[in-house]
Amino acid sequence: MIHHPTKHPSTTTFGQYLKNRQAWWFLVFYLLGLTSSVQAETRENWNYESRFTAEGFKASGKSGTYAYDPHVWVYTTAFAKRFGMPEKWIDDSLKGAEALAYRVDRTYYIKQCGYFGDMKKCRTPIACMLDLYIPSSANLPWNTELRYDSRYGKKSVRALTTNEPSSIYKRITKRGTHLLGAKFGLDLVGIVYGKDKRSSIGSYTIAEYEIGLYRNLDYISGATSCAFQRVKDAEVRINQPVFRENGSVNVSKSYNKIAHKIEIPNSFMDRVESYAEKEYEPHSLAKDLENNLQQKGK
């Protein structure tokens, strides 16, 4: 006898099929929505307070250690919104830059010895660094085709003695100006201050730059005189170089050719001065000299 397989009617009706499909899509959209809400929550917590302050770090539910930001900041409203910065440092009277950040840096220079006539007396000079965040639309007069360059690090290189010019030396001397620091990325950068802007604290030595760090934003980090901490009505000036026939830069003729300037709010300078009293003054050369004289007087 031949047994034929019995055909069982389908247990899934068309209506049930639709319900199952709807349930499946509902589950997909639910999971996508859940993922989006988690991402939104993470993005919301990813800001300055959650990364660099104790209160924000704890409120975000994190544990362990958090980073310390050594900078004094000032920036525009647009910059604060774009990069999750606190509202308390917004000052829209800042002109020519989206943001500035100031710090004292004890790692930029190498330790030097022989202070106060004592060959064993060593100290590491303090660098007073000012970072500039300038809109790319400013079209700064860059003297290089390199999008990024830096002098940070490479400290062991300074111990090498040779007559061979390094690649960085070739880059910063090709313009022929006598201001060593100003030739790195830009030829002439300085800071003036006072109501009439006739006082100067000297050149601004570029240590690092990146053209187009973010969309429509250039970044420059440089060392300036620590006298910057005590001035008011300050202005950063980037000069348009005037060239001689041999291709070198005529510094005196370039001085009055301002390609771009940054007007620095006094609210920022007030906070820089307060910061310097804690972070710079106790470790300054003047303080070390005072301590040295006191020790000799004992």
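Where is Lys197 found? Lys197 sits in the loop between β7 (188–193) and β8 (199–203), and its phi is near 60°, a positive value in a residue other than glycine. Keep in mind that this is a predicted model, where local features need pLDDT of at least 70, side-chain atom pairs count only at pLDDT 80 or more, and totals for chains, interfaces and linings use all residues. Residues are numbered from 1 along each chain as its sequence is written, and side-chain values use heavy atoms, with hydrogens and water left out.

**The chain overall**

- The secondary structure comes to 8 helices and 12 strands; these are DSSP runs numbered from the N terminus, with helices being H or I of at least four residues and strands E of at least two.
- Of the 298 residues, 36% count as buried (buried means under 20% relative accessible area, exposed over 50%, partly exposed in between, with a 1.4 Å probe and protein chains only).
- Take contacts (heavy atoms within 4.5 Å) between residues at least 6 apart in sequence: 65% of them join residues at least 24 apart.

**Aromatic rings and charges**

- A search of the whole structure turns up 18 aromatic pairs; rings of Phe, Tyr and Trp (its six-membered ring) pair if their centres lie within 6.5 Å, and planes under 30 degrees apart count as stacked, over 60 as edge-to-face and the rest as tilted.
- One aromatic cluster is made of Trp73, Tyr75, Phe79, Phe83, Tyr133, Tyr214 and Tyr219.

- Of the 22 residues that line the pocket, Arg51, Trp73, Met85, Tyr133 and Tyr214 are the closest to its centre. On a 1 Å grid over the protein atoms alone, a pocket is an open set of points with protein on both sides within 12 Å along at least five of seven lines, while a cavity is a set where a 1.4 Å probe fits but cannot get out; lining residues have an atom within 4 Å of a point.
- At least two lining residues come from each of α2 (48–52), α4 (77–83), β5 (127–134), β9 (205–214) and β10.
- The lining divides into 14 nonpolar, 3 polar and 5 charged residues (Ala, Val, Leu, Ile, Met, Phe, Trp, Tyr, Cys and Pro count as nonpolar, Asp, Glu, Lys and Arg as charged, and the others, Gly among them, as polar).

**Residues to look up**

- Thr224 is in strand β10 (residues 217–224) and counts as buried because its relative accessibility is 9%. Leaving aside neighbours within four places in sequence, Thr224 is in contact with Cys128, Ile191, Ile201, Ser203 and Tyr204.
- Pro86 is in the loop between α4 and β2 (99–105), and at 4% relative accessibility Pro86 is buried. Not counting residues up to four places away in sequence, Pro86 touches Tyr48, Glu49 and Tyr75.
- Phe116, in the loop between β3 (112–113) and β4 (122–123), has a positive phi of about 60° although it is not a glycine. At 23% relative accessibility, Phe116 counts as partly exposed.
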